[in-house]
Amino acid sequence: MGTGTILVSVVLFIYLSKIYNSKPFNSKKRKMLYSFVLFTFGLSIVVTFQGNFGSLIHWMNLTIGAMVKMVVK
Amino acid sequence: MSEKISSFELAMLVANFLFTGTLISLPQALVEASGQNTWMVPIAVFLFMSLFVWVVMGRKEKLAGFSRRFLSGRRTMLEKLFLVSFGLLFATAYIRDVRAMVDFIATVLLPTTPIDILTILAVLAVIYLASSGLEVIARVTMIQFIVLGATILLLPFMVLNEITFGNFQPIVGKELIIGVAQSSFLLLAWIGEGIFILILLANMNNAPKARNGAITGIGIAMFLLTVLIALQVSVLGVEIVTVSPYPSHQLIQQINLTDFLDRLDLVIVTVWIPTFFAKVALDLYLLNRCLTSGRSEDFNIFMIPVGLCLGLLSILLFRNNMEHIQFSFYTWAVWGLVVELLIGLLFMMRRKFSKS
């Protein structure tokens with residue numbers, strides 16, 4: 001996960017520099033900043049709950065998946 | 001809508017979207033449910049899906065006018081619900097597909113490369129293709145899918161010396177109908193993803209032909225899947241297919257044309273991988289369309305953040321390969337189908353309440 005985060009950081013750096021260099025502060029720049037905030041917020045949620053995310057699919061597999069398995073097997 | 005595609009391009013998009021996703025591992029679950037009769041399953045699903053598309057899209061004459069009004073101007077409550085359901089379906093499809101691609105590459109091609117690196121690199125390539133727009137995705141898909149289709153059609157000749165027709169026996173058993181019904185249920189949610197055509201109606205050169213294009217695409221995908229499953233059963237046998245995580249890959253490993261062409265499977269995988277990239281790119285494009293629907297500029301603004309976030313989620317949501325397979329085979333059969341039916345229902349309601 002660490003190496004992946006570094007790669008993502010490089011992409012984000014390029015993305016931010018693109019925002020920084022675009023002049024003047026138009027609606028496009030504003031939307032890019034919004035999307036940056038969206039991404040960092042998403043990433044922070046991902047990192048915060050990374051231990052718990054796996055249990056979401058695990059729980060779905062145990063409930064919905066198990067019922068389907070019962071029907072088709 | 002500036003980007004336009006023809007009904008043939010739509011058919012290729014649908015065929016590629018449905019076929020490239022299902023061929024990786026799904027035949028294992030299908031053969032497990034219906035054994036040697038699995039080759040009948042795509043035919044049954046084709047009939048059902050064609051009927052579904054026909055009912056949802058309605059009469060051709062009214063489609064042209066409706067395609068101009070749908071998702072344009074101020075959103076109605078039905079349209080908002082439609083976009084939310086659509087986004088939910090294709091966000092989960094994107095996560096599932098990215099993980100499927102990465103797991104396949106990590107297992108078969110690059111076993112020592114870390115999965116997160118594979119994910120990020122794959123996602124970056126997908127974002128690049130998706131941000132090029134629908135026309136580019138359609139053209140890339142068309143070129144690659146024709147090559148893939150030709151390869152699949154040549155497969156019976158390549159494995160001719162390995163085919164055992166006895167593997168199809170008994171053809172009609174007492175469990176035929178139950179087995180095919182169970183298998184069709186598993187396949188239905190995957191083929192139901194073809195419902196993405198509803199959001200592309202405004203992009204059609206000729207909207208009334210969208211229905212025929214979609215049904216043609218589903219037909220091509222189901223025909224190729226029938227060929228592939230029949231070959232897997234006849235060459236590998238039911239017992240091997242039911243325990244193989246990648247039965248299609250195992251099938252092409254059986255190609256034994258000459259003594260020196262012993263790694264022909266890699267060539268065929270090289271033909272398949274770009275088509276799967278095009279499928280995942282279309283997933284992301286559709287998701288982006290939901291987020292930016294109705295806006296006249298900056299269509300790609302959310303593509304990089306959303307693509308990367310969901311790419312990372314594809315690593316975190318599935319703790320291991322087995323959980324992903326369980327999700328794709330069994331959980332998706334209900335989750336995907338429910339959301340697809342909801343999308344179809346919302347579209348039909350919007351069409352009914354639309355002013356003519």
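Trp335(B) sits in helix H14 of chain B; helices (H or I, at least four residues) and strands (E, at least two) are DSSP runs, numbered from the N terminus. This is a predicted model, where local features need pLDDT of at least 70, side-chain atom pairs count only at pLDDT 80 or more, and totals for chains, interfaces and linings use all residues. Side-chain values use heavy atoms, leaving out hydrogens and water, while residues are numbered from 1 along each chain as its sequence is written, and chains are lettered from A and ligands numbered from 1 in the order in which they are written.

With a relative accessible area of 23%, Trp335(B) is partly exposed. The cut-offs here: buried means under 20% relative accessible area, exposed over 50%, and partly exposed in between (1.4 Å probe, protein chains only). Leaving aside residues up to four places away in sequence, Trp335(B) touches Met60(A), Leu88(B) and Thr92(B), where contact means heavy atoms within 4.5 Å. Trp335(B) and Thr92(B) are 243 residues apart along the chain, yet their C-alpha atoms are separated by 9.6 Å.

## Val339(B), also on H14

Val339(B) has its place in helix H14 of chain B too. Is Val339(B) buried or exposed? Val339(B) is buried, at a relative accessible area of 8%. Its contacts, not counting residues up to four places away in sequence, are Ser85(B) and Leu89(B). The C-alpha atom of Val339(B) is also 8.1 Å from that of Leu88(B), 251 residues away along the chain.

## The two chains overall

Among the contacts in chain B with a separation of 6 or more, 86% come from residues 24 or more positions apart. Chain B exposes about 14100 Å², with carbon and sulfur atoms supplying 67% of it; accessible areas come from the Shrake-Rupley method with a 1.4 Å probe, and for residues only the protein chains shown count as cover.

Chain A has three helices and zero strands, running α-α-α from the N terminus on. Buried residues account for 33% of its 73 residues. Its accessible surface is about 4800 Å², and 74% of that belongs to carbon and sulfur atoms.

Axes are lines fitted to C-alpha atoms, for helices over the stretch in contact, and angles run from 0 to 180 degrees between N-to-C directions. The crossing of H8(B) past H14(B) is left-handed, meaning the near helix is turned anticlockwise from the far one by less than a right angle, with right-handed being clockwise. On the H8(B) side the contact includes Phe185(B), Leu186(B) and Trp190(B), and on the H14(B) side it includes Phe329(B), Trp332(B) and Glu340(B). By class, that contact has 11 nonpolar, two polar and one charged residue; Ala, Val, Leu, Ile, Met, Phe, Trp, Tyr, Cys and Pro count as nonpolar, Asp, Glu, Lys and Arg as charged, and the others, Gly among them, as polar.

H8(B) also meets helix H3 (residues 41–57) of chain B, with axes that come within 9 Å and cross at roughly 55°. H3(B) and H8(B) are therefore oblique to each other, and this crossing is right-handed. Val45(B), Phe48(B) and Met49(B) are among the H3(B) residues involved, and Val180(B), Leu187(B) and Ile191(B) among those of H8(B). The tally for H3(B) with H8(B) is 10 nonpolar, two polar and no charged residues.

## H1 on H9

Helix H1 (residues 7–22) of chain B and helix H9 (residues 210–236) of chain B have axes that come within 7 Å and cross at roughly 35°, in a right-handed crossing. Residues including Leu10(B), Val14(B) and Phe19(B) of H1(B) meet a set in H9(B) that includes Gly213(B), Ile220(B) and Leu224(B). The contact comprises 15 nonpolar, five polar and no charged residues.

Most peptide bonds are trans. Gln169(B) and Pro170(B), however, are joined by a cis peptide bond, with omega about -5°. Pro170(B) is in the loop between helix H7 (134–158) and H8 of chain B.

How values were computed. Angles under 35 degrees count as roughly parallel, over 145 as roughly antiparallel, 65 to 115 as roughly perpendicular and the rest as oblique.
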